[in-house]
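Reader: Before we start, please show me the model. I would like to learn how to read strand pairing and domain contacts.

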Amino acid sequence: MMTEKRHSFWRDVAKYRTLLIMISPAVLLVLLFSYIPMAGIVIAFKQFNYTGGVFGSPWAGFDNFKFFFQSGDAWRVTRNTALYNIGFMVLGNLLQIAAAVLLFEVGGKWFRKIIQSALFLPYFISWVVVGSIAYNFFSYDVGAINNVLASLGMERIDIYNTPAYWPYILVFFHTWKLLGYGTVMYLAAITSIDTEMYEAAEMDGANVFQRIMKVTIPNLIPTFIILALLAVGNIFRGDFGMFYNVIGNNGMLFSATDVIDTFVFRLLMNTNDFGMSSAAGVYQSVLGFVTILAVNYAVRKYDKDRALF
Amino acid sequence: MMKKKKKLGLVLTGVLAASMVLSACGQSNNGANNGAAANGSGSDDGGAANNQAANDAIDTSKAVNLKMVMLGPKPADYDQVFGEINKQLKEKVNATIDAEFLDWSDWGQKYPLKFAAGEDFDLIYTSNWANYNDQSNKGGFLELTDDMLAKYMPQTWAAMPKVKWDQARVNGKVYMVPQNQSKEFTDKLILYRGDLLEKYKLQPIDSPETYQAYLEAVAKNEKGMTPYGLEASDTKMHNLDKQLLLQKNNWFSVGDTSLAFKVDDAKGQVFSIYDTPEFKDLLTYYKSLADNGGWSRNALTNKGDTTGDFKAGKVASMSHNVTALGGILAEVDKTHPEWKATLADLTPDSHKSAAISTQNGIAIHATSKEPERAMMVLDLLQNDKSLHDLIMYGIAGTNYEPVGDDKFTKTDKYGNFNSFSNWAWNSPLNRVDTTYPQAAQDVEKKWAAQVFHYPLETFVFDNSKVLNEVTNVGNVMMRYGVPLEYGLVPDTAKGLETLQKQLKAAGIDKIKTELQSQIDAFLAKQG
Amino acid sequence: MQGLSVRSSRQKDRLLLSLIGYAMLGVMAFICVVPFVIVLSSSLTDENTIRMNGFGLIPKVFSAEAYRMIFEYPDDIVRAYGVTLVVTAIGTALGLFLTAMTAYVLCRKDFKWRNHFAFYFFFTTLFSGGLVPWYLLIVNYLDMKNTLAALIIPTLVNVFYIMVMRAFLAGIPDAISESAKIDGAGDFRIFLSLILPLSKPALATVGLFLALGHWNDWYSALLFISDDKLMPLQYYLYQMLGNLEGMRKAMLSSGTDISANIPGESLKMAMTVVACGPILFAYPFIQKYFVQGLTIGAVKG
């Protein structure tokens with residue numbers, strides 16, 4: 001029995017030899033640059049010092065995790081992180097699909113080129129700059145919005161001191177920044193759709209809207225699922241750049257805008273502790289791992305080929 | 001969509017760097033303690049006598065090249081100046097230096113990595129705001145024993161007051177050569193527009209009440225100008241706090257927490273600042289200022305810089321330490337003499353504190369192969385007049401003009417050399433900038449007489465046993481405390497209550513017990 | 001009769017769609033362009049004006065000081081552009097090829113271990129050892145400090161793009177590969193001559209993303225490059241800004257003043273423009289790969 005299994009294994013290797021060779025460069029690169037450094041995760045469980053280095057430093061068990069859970073805020077920031085990421089994913093993909101479909105269907109060559117380039121512009125504006133511009137818009141004393149309100153005789157709104165507005169504002173910003181980027185992805189997917197399918201639909205008497213709903217959108221679902229699955233693995237990682245540069249250290253807003261990354265950053269601001277920051281990362285990784293396993297399993301049940309692995 | 005894990009790192013970088021430098025200015029009190037310098041007079045501890053014997057015993061026959069790591073960008077005139085420095089060093093101790101520079105934008109990330117990767121270097125800049133304590137505890141620096149210091153750094157050993165060495169102790173051991181500067185004060189003061197004072201016929205500012213009058217007058221009458229430039233920072237207490245709370249009551253706040261003790265309390269009893277009636281009163285003061293337009297309602301998010309705002313006339317007063325304000329005053333007097341910019345001390349009768357020695361300094365890498373020669377070079381850089389001038393200011397005649405023995409004026413090439421952390425070698429040999437305004441010098445002179453010595457001035461809090469609590473208390477202070485101090489919380493009583501509750505949950509009591517026991521032990525040892 | 005009414009209702013539908021399309025896209029494009037106009041305008045505005053009045057759509061007081069600062073040492077910045085171009089070109093070409101090849105293997109339904117390998121790759125996006133091991137590996141063990149290789153190789157392959165590419169390639173009918181195999185072609189040949197030409201939109205998309213990733217990467221340079229001659233553009237700019245701000249704050253504590261009109265906000269804006277300028281110029285030319293449709297049917301023939 002064993003020898004048979006072994007034989008069939010080597011036979012498979014021979015059978016797939018070309019494919020294996022083709023995949024080997026990537027496998028090696030990933031082994032070298034992702035798996036080997038992964039060993040450093042032990043830092044999360046150690047009292048890291050320079051004399052011991054990564055492997056020689058003394059063990060600390062779960063001590064490095066304590067700081068995160070000490071204040072009871074851990075649940076809140078975890079929840080915030082996940083909710084924001086879900087919001088980004090849902091709204092972002094929705095608008096990107098809409099934009100891609102419309103771009104494909106409407107307008108001439110020049111219109112499409114211009115719009116596409118326009119949509120891509122926010123991608124190049126760093127969050128630091130976005131933070132500055134946002135401040136210019138929302139500021140209570142001199143912001144554009146409040147100036148308009150004041151000139152209309154209305155009361156000024158203190159946006160930077162009111163947490164309730166911010167989930168909407170932040171989801172908007174995130175969507176805005178990645179709009180062009182995601183639209184390109186979906187556009188590529190649309191252009192790969194076999195045009196014969198469109199002709200078939202038209203012959204069946206479908207109008208434009210029906211064609212979109214019955215042909216285009218269903219063919220984009222696989223792309224959406226892949227993007228969603230890839231996002232789920234990172235659902236507990238906050239977009240630190242955005243949160244830090246737009247919100248900063250504004251304690252008034254933390255109840256609505258604190259995510260794991262900003263929370264940990266603030267806690268570890270004055271200590272250089274590699275162990276603790278590594279521990280926070282492990283927390284995020286483990287949670288994400290468990291989630292993606294569950295979601296991927298569910299997707300497999302629904303359609304084996306749509307799953308990630 | 002992007003590589004999220006990398007993104008965390010990459011922004012963490014820039015932010016960490018920025019925040020660390022920001023905290024540099026505000027944080028001179030934190031972590032370690034206050035020190036009063038025994039002005040000028042060197043008090044040594046028995047090592048000076050070894051001077052002659054030591055020099056005879058050291059063998060400098062082997063030529064040594066030392067690698068030195070500094071913060072800040074590489075100066076344009078590096079080759080010229082360091083060429084000159086190395087020429088003299090070679091003559092005197094047969095050594096040369098190769099300097100590597102960690103730019104302001106990335107040193108936060110690169111600095112600890114250099115240690116973690118075990119890179120080969122001998123000397124490195126360190127300071128309390130560059131996490132000196134942390135790096136020492138992790139084993140990054142070489143321990144400098146009294147014997148070593150006496151033997152290889154005899155001039156420094158003789159010139160540096162004992163207090164400064166003691167302030168640099170971590171767990172009783174010295175890991176860096178601190179600066180030997182006695183003139184820097186950490187106390188903050190106000191710079192305001194004298195012309196506005198006259199315009200509204202106000203009293204000269206020398207107390208919180210007179211300052212409030214000024215702020216309210218400006219808020220009411222000068223639209224488009226912000227009365228006080230309240231900075232958005234990473235520190236838990238803004239500069240006004242430091243004056244009206246800490247300086248006014250002569251409190252010393254410990255370890256970046258809300259715990260403090262009275263400077264003239266012989267027993268060093270620890271209390272939480274938020275518990276005091278003074279704090280409660282101050283909150284009302286702040287709230288009324290914020291409500292009346294004393295500062296921007298969005299000051300917490302505004303990342304602009306108050307210095308530039310003041311110079312541009314957008315802000316009518318600002319606060320900082322005396323050296324910084326002196327520089328600004330000098331410039332504003334040149335560009336806008338009609339503003340009559342004036343310095344004001346809101347707490348003129350309080351005790352003053354000199355900057356702790358660990359504000360700037362140099363440490364020796366624990367794995368350096370030539371620590372002896374490194375120490376000898378350090379000794380010369382801090383105490384040898386010509387070398388000190390070179391490393392601090394550049395080449396005489398090019399980068400600066402010496403004026404007598406102790407003053408200088410900047411030339412237009414000053415910036416070609418002075419871009420990095422050469423403050424590590426601050427010493428009595430420092431020259432004074434001739435453009436440094438008399439007003440600032442007067443303040444310094446007045447304050448020098450008000451410096452207060454107390455037994456706890458060399459006390460350093462070791463927070464390793466309560467690190468988790470300290471991080472969480474810090475977070476609570478930023479989240480609940482800072483908005484109160486910016487006067488933004490609508491119901492201050494309720495806000496204070498929430499703050500107290502959260503503080504307890506974060507473990508402030510545990511820190512308090514630990515701190516008090518350390519203080520008691522320290523005082524007991526002192527006898 | 002039937003045909004006529006169908007056609008006119010079709011036209012009405014088309015009109016409606018066009019209306020919705022123009023409106024929505026117009027609004028989206030507007031929201032995306034306006035901030036960039038602000039960036040452009042602020043980059044050409046005098047710093048003091050920005051300080052007093054904030055940003056605006058048109059420069060109130062014109063000043064090219066920020067750009068002057070950036071291009072003050074033209075040799076340096078030209079070299080930085082050069083480094084970035086080389087790194088981006090090599091990194092994208094190599095990376096795209098490897099990504100496509102790997103993705104192809106992963107989507108071959110007859111490959112028994114495809115899901116195992118997929119998991120192998122995907123797992124690395126979940127767990128990471130952090131900065132210290134990464135740095136130690138590349139600097140100490142691989143000795144890549146201050147080499148162009150450090151900017152290209154560690155970030156050559158991105159699992160996210162492999163997965164996305166796999167999804168695109170899965171859309172190519174298996175019939176094509178199978179009939180080629182029957183004709184005796186090897187896997188690699190199928191990949192090169194059949195699959196690659198059929199997946200132009202996917203290649204263009206992933207290629208674009210890879211290129212953007214390399215173009216914007218300053219983190220690798222921060223960690224591994226201290227040699228002036230090997231600094232890529234983004235890092236060069238980042239350093240310039242960081243030095244200015246850090247210097248301003250640190251100098252404050254030692255009392256040295258800095259002249260009031262050093263661009264700060266306008267510098268950040270100018271950097272944005274300088275950094276993305278070339279990409280924005282090149283983008284319209286590569287767009288044709290996205291906007292055209294591709295008929296699978298045509299290849300069948």
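Reader: Which residue is the bridge partner of B:Phe408 in E16(B)?

Author: Strands (E, at least two residues) are DSSP runs, numbered from the N terminus, and two strands pair if DSSP finds at least two bridges between them. Here the partner of B:Phe408 in E16(B) is B:Asp433. E15(B) pairs with strand E16 (residues 432-433) of chain B in the parallel sense, over two bridges. This is a predicted model: local features need pLDDT of at least 70, side-chain atom pairs count only at pLDDT 80 or more, and totals for chains, interfaces and linings use all residues. Residues are numbered from 1 along each chain as its sequence is written, while chains are lettered from A and ligands numbered from 1 in the order in which they are written.

Reader: In which sense do E14 and E15 of chain B pair?

Author: Strand E14 (residues 400-403) and strand E15 (residues 407-410) of chain B pair in the antiparallel sense, over four bridges. In E15(B), B:Lys410 is the bridge partner of B:Tyr400. Three residues separate E14(B) and E15(B) in a hairpin, and B:Gly404 in the turn has a positive phi of about 70°.

Reader: Which domains does the assignment give for chain C?

Author: Domain bounds come from an automatic or database domain assignment. For chain C it gives domain 1 (2-53) and domain 2 (65-300). Two residues are in contact if their C-beta atoms, placed from the backbone, lie within 7 Å. Eight residues from domain 1 of chain C and ten residues from domain 2 of chain C take part in the contact.
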